[in-house]
Amino acid sequence: MCGIFGIYGHKDASRLTYLGLYALQHRGEESAGIVAANGGGKVKSHNGMGLVSDVFNEKTIKSLHGNVAVGHVRYSTTGSSISKNIQPFLVAHRKGHIAIAHNGNLVNTRQLRRGMESKGSIFQTSMDSELVVHLIAKSDKKDKEHVIIDALSQLEGAYSIILMLNNTLIGARDPYGFRPLCIGKLDGAYVLASETCALDLIQAKYVRDIEPGEIVFIDNKGLRSIKPFPPQTHASCIFEYIYFSRPDSNIFEKNVYLTRKRLGKQLAKEHPVKADLIMPIPDSGNYAALGFAEASNIPYEIGMIRNHYIGRTFIQPSQFIRDFKVKIKLNPIKDVLKGKRIVIIEDSIVRGTTSRIRVKTLREAGAKEIHMRVSCPPLISPCFYGIDFPTKKELIASNRTIESIKDFIGLDSLKYLSLEGMLKSMLLPKEEFCTACFTGNYPTKLSKKVSKKMLEKN
Ligand code: 5GP
Ligand code: MG
């Protein structure tokens, strides 16, 4: 997963990009970068490992001159977590400068890359995004538009992309529309961002989403849009609503908070429980828990308090850090929980390991009964389109029954929202979504070699 941001035609382009990335920080905490262009052929870049606030300061922002900028926050999926994989990826070549910020995951990278390497191409990183740059650089098409069409038409999989090609800003979404990307305007400048919360922060006005399969070109003549690819059945990532996006964002044109609350209401309808209080596992469970409490007429309490000075548990890929962070992140309030029958609302269960530690601390805090309700169905299949789920083997619901997951986590009862219930709770028609992580039905072809390993059950 990643967050991307771009702006064209503003004197404070890099400062606004910095703020945009700040708003998108939840989409990736591993590295951050900004590339800015001043129109006179000068391009500057600054990036580093860590949070936006660690990577940039007043001085570095000031050094990024120009009216056009692209930014990226990274959460590594394809390509390991090392500094040369930081984005935006910037190169200079015969057609000028190319900078790219990519969110998503391509599924035909291996074939494309092998093909190019056999003809002498040299790759500096292990990122999908570098491949896109190679395709652009190699294209023999004459004009910008056809070069981009030529490059993107060779990609399979998920991409929401912001490109800077010399002084043109380009935004594109793959024909399935897996990942979000929207357009905003600010003082006559155009803004592109993964989520609307980034527009809100800089007080840009939301204009519309880039449509699946659409490419927009923004330059001194304004915004030009093309839709060169054959239309596809849409496959917007439903997990953006379940967990990933910020609740104050509208993605795919619908609000995330309201959707999560509806998921919670539906969950209460499907799996009621006699209890003294409803509580979320903060923060991701907060909104479904509100819906659940409202629909079930059981008081909503906050039974654990989050320490806000650490990042998201899963964002650090190493197992050692993950366990450490689980413990440091949330602290139960004994006086709220003691002797109570509680219902904890989770947005999702991935490996089950965090939940297990949480439930143990809730028992130690004195909860008498612990019931868990999950606001999505069991996750049984890995994601090939950008969500950092583990292999099938590691997804707890792919190998265990719900009863056995209940025992593993240490619960009195465990129920998941149904697939139909989840789809019914969405503010968009169910045909719009990719639900592969819940069903194993992937909307694109997959590379056999990659998928074989990911899909092994044991
Ligand atoms: P588990 O108990 O399965 O170890 O962790 C469940 C927690 O992981 C939930 O609170 C959920 O919010 C969080 N989570 C959900 N999705 C993701 C994701 O994309 N990446 C990871 N891997 N963590 C997530
Ligand atoms: Mg969570």
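**Strands, sheets and a ligand site**

Guide: Strand 2 (residues 31-37) and strand 3 (residues 43-49) run antiparallel and are joined by 7 bridges, where strands (E, at least two residues) and helices (H or I, at least four) are DSSP runs numbered from the N terminus. This is a predicted model, in which local features need pLDDT of at least 70 and side-chain atom pairs count only at pLDDT 80 or more, while totals for chains, interfaces and linings use all residues. Residues are numbered from 1 along each chain as its sequence is written, chains are lettered from A and ligands numbered from 1 in the order in which they are written, and side-chain values use heavy atoms, with hydrogens and water left out.

Visitor: Which residue of strand 3 is the bridge partner of Ala36?

Guide: The hairpin of strand 2 and strand 3 has 5 residues between the strands, and Gly39 takes a positive phi near 90° there. Within the pairing itself, the bridge partner of Ala36 in strand 3 is Lys44.

Visitor: In what order do the strands of the open sheet of 6 strands follow one another?

Guide: The pairing in this sheet is antiparallel, two strands being counted as paired if DSSP finds at least two bridges between them. Strand 5 (89-93) and strand 13 (222-226) stand at the edges with a single partner strand each, so one side of each is left without a neighbour in the sheet. Neighbouring strands are turned by 20° against each other on average, direction ignored, with axes taken as lines fitted to C-alpha atoms, for helices over the stretch in contact, and angles running from 0 to 180 degrees between N-to-C directions. The order is 5-6-7-8-12-13.

Visitor: What angle does the direction of helix 5 make with that of strand 6?

Guide: Strand 6 (residues 96-103) pairs with strand 7 (residues 160-165) in the antiparallel sense over 6 bridges, and Ile100 stands opposite Leu163 in strand 7. Helix 5 (residues 128-138) packs on this sheet and touches strand 5, strand 6 and strand 7, contact meaning heavy atoms within 4.5 Å. The angle between helix 5 and strand 6 is about 145°.

Visitor: Which strands does helix 6 touch?

Guide: Helix 6 (residues 144-152) also packs on the sheet, and its direction makes about 145° with that of strand 12 (215-219). The strands that helix 6 touches are strand 7, strand 8 (168-173), strand 12 and strand 13.

Visitor: Where does Asn166 lie?

Guide: Asn166 has a phi near 50°, a positive value in a residue other than glycine. Its place is in the loop between strand 7 and strand 8.

Visitor: What is the omega of the cis peptide bond that joins Pro282 and Asp283?

Guide: A cis peptide bond joins Gln87 and Pro88, with omega about 0°, and Pro88 lies in the loop between strand 4 (68-74) and strand 5. Asp283 lies in the loop between strand 17 (277-280) and helix 10 (286-296). For the cis bond of Pro282 and Asp283, omega is about -15°.

Visitor: How long is the polar contact that joins the side chains of Ser284 and Asp347?

Guide: Ser284 is placed in the loop between strand 17 and helix 10, and, leaving aside neighbours within four places in sequence, it is in contact with Tyr243, Glu346 and Asp347. A polar contact is a pair of N or O atoms within 3.5 Å; within protein, one must be able to donate a hydrogen and the other to accept it, and residues adjacent in sequence count only if both atoms are side-chain atoms. The contact between the side chains of Ser284 and Asp347 is 2.7 Å.

Visitor: How far is an oxygen atom of ligand 1 from an N or O atom in the side chain of Asp347?

Guide: Ligand 1 is surrounded by 18 residues, the closest being Asp347, Val350, Gly352, Thr354 and Ser355, where a residue counts if one of its heavy atoms lies within 4 Å. An oxygen atom of ligand 1 is 2.8 Å from an N or O atom in the side chain of Glu346. For the side chain of Asp347, the distance is 2.5 Å.

Visitor: Which element gives the most residues to the shell around ligand 1?

Guide: Helix 8 (239-244) and helix 13 (353-364) are the elements that give two or more residues to this shell. The element that gives the most, with 3 residues, is helix 13.
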